[in-house]
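Student: I'd like to learn how to read a structure like this one. Could you walk me through it, feature by feature?

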Amino acid sequence: MTDEPVLEVRELRKEYRVRTSRAEAVPAAGSALLGHAVTRRERAGVLVAVDDVSFSVSPGQSLAVVGESGSGKTTVARMVVGLERPTSGTIMVSGRERSWRHVSSRERRRRAREVQIVFQDPYSSLDPRMSVRASLDESLRLHFDWTRERRDERVAELLDQVGLDRRQANSLPKALSGGQRQRVAIARALASEPRVLICDEAVASLDVSIQAQILNLLSDIRDATGVSYLFISHDLAVVRQVSDAVLVMRRGRVIEAGPTASVLSEPSDAYTKQLLAAIPRPGWKPTLSGS
Amino acid sequence: MATLEAPLVATPAPRPRRRPDWVVLSTGTVIALLVLMAVFAPLLAPDNPDYANILATNQGPSAAHLLGTDSFGRDLLSRLIYGVRLSLLGPALIILIATLVGTVLAILSAWYGGWFDRVVSRVADILFAFPGLIFAMLAVAMFGPGLVAPVVALSISYTPYLMRVIRAEALRQRNLPYVAACYVGGLSVRTICTRHILRNVMPLLVVQAALSFGYALVDLAAVSYLGLGVQPPTPEWGVMVSTGQSAILAGHPQESLLAGLMIVITVVAFNLLGDRLASRQKGTVRA
Ligand SMILES: Nc1ncnc2c1ncn2[C@@H]1O[C@H](COP(=O)(O)OP(=O)(O)OP(=O)(O)O)[C@@H](O)[C@H]1O
Ligand SMILES: [Mg+2]
C-alpha cells in the first residue's frame with residue numbers, strides 16, 4: 001500500500017479556444033533553439049496544449065517534466081493544482097480523484113494540504129505587501145488549529161528549513177533577493193505540509209550558483225519530509241541533479257518517459273537527443289569572436 | 001590598540017532618512033486645516049454666519065469683520081468657515097459612495113470575469129458617456145434641490161470612472177502568480193480579494209479618490225451655483241459664489257471672490273496631493 005502513487009494523472013488533455021489563426025504564432029524563445037515552429041492547430045480555433053498525458057508519482061519520488069517552451073508543462077501543473085480545468089482526463093491525488101464540479105472552499109483547503117506549487121518568477125509570486133512571517137502565518141492559520149506560539153515556532157522552523165535567517169521574517173519581499181524570495185515561496189508551499197510539491201521552472205530565473213543552492217535545498221527537504229516532487233524544467237542539467245524519473249514532453253504529448261539515468265544516457269527519441277545536445281557540457285567553452 | 005579596535009565596533013548604520021516631501025506635507029496640511037475648520041467651525045467663526053445686519057452690508061475688511069460682510073451684512077469670514085462643512089461633506093459623500101461601490105464591482109469583475117464582468121463594464125460604459133452635471137440636474141428636476149439629489153447623481157456618475165481604473169489594476173493583480181499561490185494555498189475567494197487584491201489596489205484607490213475629490217467638489221459647486229443644490233442662505237461656497245454675483249457689479253466682489261478662492265485652494269490641494277501620490281507610486285518599483 002505504501003507504493004500507491006501520491007499523484008496519478010491519466011489521459012489528461014487540455015484544449016484552449018483561440019481566436020483566428022494566430023495559434024500558430026506561439027513558439028517562444030526556447031523553441032528557436034530547436035529550429036522548428038510549433039504548429040499544433042488541430043482544428044480551427046482550438047489549440048491542444050496538453051494531449052493524452054499520463055504519469056504517476058510515488059511517495060518521496062521526484063519526477064521531472066522536460067520539454068521546450070510551449071510544450072504544455074505549465075498547463076499540466078496548473079491543472080494538477082486546480083488553476084485550470086482539464087478538457088478531459090483524470091487527476092488522482094492520494095488515491096482520490098479531483099473533480100471540477102462544485103469545489104467548495106473547504107475541499108480546496110483540503111486539496112491545499114495535498115499539492116502545492118512554486119512558480120518561476122520569485123518577483124511576482126509573493127504578495128508585495130506581506131511580510132515573510134505574515135505569508136507563512138496566513139497559511140498556518142488556515143490549515144492548522146494552533147496557538148500563536150506554536151505557529152511562531154513553526155514559522156521559525158520553516159525559515160530554518162529553507163535556509164533563511166530568522167531575522168528576515170519581518171522583511172517585505174522587496175527587501176529580499178530573488179533566491180531568498182524563492183526560498184520564501186518554498187517555505188510558504190511547505191507550510192500546509194503537502195505530499196507533492198510542484199516546482200514550475202522554480203530555479204530558471206536564478207543565477208547558476210543560487211540555482212545549485214536551491215536544488216540542494218529541495219533535495220534536503222525531500223529527505224526531511226518525504227515530499228514528492230513534480231519538477232518542471234527545460235534544463236536537462238538541472239533535471240539530472242534532482243529527479244528519479246523523467247517525462248519528455250513535446251507539443252503537448254509525452255514522447256519519452258523513464259528513469260532519469262537511462263533517458264538521459266540512452267535517449268530513444270530523436271527529440272530527446274536534440275534536447276540533450278543543447279546542454280553545455282563541462283568541456284564546453286563559449287567562443288568569443290575577436291579574443 | 002585602541003585605534004585598531006575602534007573601527008571594529010559596530011556602529012548602527014544611520015537609518016536612511018526619507019527627505020520630506022513638501023508637496024505632500026503642504027497639501028496635507030491645507031486639507032487637515034480645512035477638516036479642522038469644518039469640525040470646529042462654531043469655535044473658530046467670530047460671528048453667527050446667518051446673522052444679517054442691514055446696516056452693515058458689503059463692508060470691506062475691518063476689525064469687526066476681518067473679511068468684510070456680504071450684501072445682507074453677514075460676516076464673510078464666518079460664512080466661509082461654516083461653508084467648509086457642506087462644501088467638503090458633499091464631495092466626501094460622493095467619493096465615499098463611488099469608491100465603495102466602484103471597488104466592490106471592480107474586484108468582483110476582475111475575479112469572476114465572464115458575463116458579470118461584461119455586464120458591469122457595459123453599464124459603466126453607458127453611464128460614463130453621460131455627463132455628471134446633466135445627470136445631477138436631472139436628479140434635481142426629479143427629486144428637488146438640496147444636497148441629497150446631486151450627491152446621489154454625482155455618486156452614480158463617478159462610480160464608472162473609479163470602477164474602470166480600479167478594475168484594470170485589480171485584474172493585473174489577479175493575474176499575478178501570488179494570487180494563484182493564494183488560491184492553491186486554499187484561501188477563500190473572499191480572503192484573496194480583500195486581504196490580497198484589495199490591499200494591493202489600495203494605493204491606487206487613494207490616489208484616484210483624492211483626484212476625484214477635487215472634481216466632485218467643482219461639480220457640486222457648479223450645481224449649487226446653478227441654484228440646484230444646497231439653497232441660500234445656507235453657507236456653502238458654490239452658493240456664495242452665486243449669491244455674491246449681484247454685488248460684483250456694485251463694486252463689492254469679495255463674497256464671490258473669497259468663496260471662489262476657497263474652492264480653488266481646496267481643489268488644487270487635492271489635485272496636487274493626488275498627482276504627487278500617483279507619481280510617487282510610479283517611481284517606486286512595483287515588485
Ligand atoms: N490561457 C491560455 N489560452 C490560450 N492558450 C494557452 C493558454 N495557456 C497556455 N496556452 C498555450 O498552451 C501551450 C502550452 O503552454 P505552457 O505554458 O503549458 O507551456 P510550457 O511548456 O510551460 O512552456 P514554457 O517552457 O515556455 O513555460 C502554449 O502554446 C501556450 O500558448
Ligand atoms: Mg511554463
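What follows is a chat about a ligand site, a sheet and some backbone details.

Tutor: First, some ground rules: this is a predicted model, where local features need pLDDT of at least 70, side-chain atom pairs count only at pLDDT 80 or more, and totals for chains, interfaces and linings use all residues. Residues are numbered from 1 along each chain as its sequence is written, chains are lettered from A and ligands numbered from 1 in the order in which they are written, and side-chain values use heavy atoms, with hydrogens and water left out.

Student: Okay. Which residues are the closest to ligand 1?

Tutor: A residue is near a molecule if one of its heavy atoms lies within 4 Å of it. Here 14 residues surround ligand 1, and the closest are A:Ser69, A:Gly70, A:Lys73, A:Thr74 and A:Thr75.

Student: Which element gives the most to that shell?

Tutor: Helices (H or I, at least four residues) and strands (E, at least two) are DSSP runs, numbered from the N terminus. α2(A) gives the most, with three residues; β3 (46-57) and α2 (73-80) of chain A each supply at least two.

Student: And what polar contacts does ligand 1 make?

Tutor: For a ligand, look for a pair of N or O atoms within 3.5 Å. A polar backbone atom of A:Gly70 is 2.7 Å from an oxygen atom of ligand 1, and a backbone N or O atom of A:Ser71 lies 3.1 Å from an oxygen atom of the ligand. A:Tyr16 brings a polar side-chain atom to 3.4 Å from a ligand nitrogen.

Student: Now the sheet. In what order do the strands run?

Tutor: Strands of a sheet pair through backbone hydrogen bonds, either parallel or antiparallel. Two strands count as paired if DSSP finds at least two bridges between them. Chain A has an open sheet of six strands in the order β7-β8-β9-β4-β10-β11, with mixed pairing. Its edge strands, each pairing on one side only, are β7 (115-118) and β11 (253-259) of chain A.

Student: How many bridges join β10 to β11 in chain A?

Tutor: Six, and the two strands run antiparallel. One detail: A:Met249 has A:Val254 in β11(A) as its bridge partner.

Student: Which backbone details stand out?

Tutor: Most residues other than glycine have a negative phi, and most peptide bonds are trans. A:His102 has a positive phi, near 45 degrees, and lies in the loop between β6 (96-97) and α3 (105-112) of chain A. The peptide bond from B:Pro232 to B:Pro233 is cis, with omega near 10 degrees. B:Pro233 is in the loop between α9 (189-225) and α10 (237-243) of chain B.

Note on methods:
A polar contact is a pair of N or O atoms within 3.5 Å; within protein, one must be able to donate a hydrogen and the other to accept it, and residues adjacent in sequence count only if both atoms are side-chain atoms.
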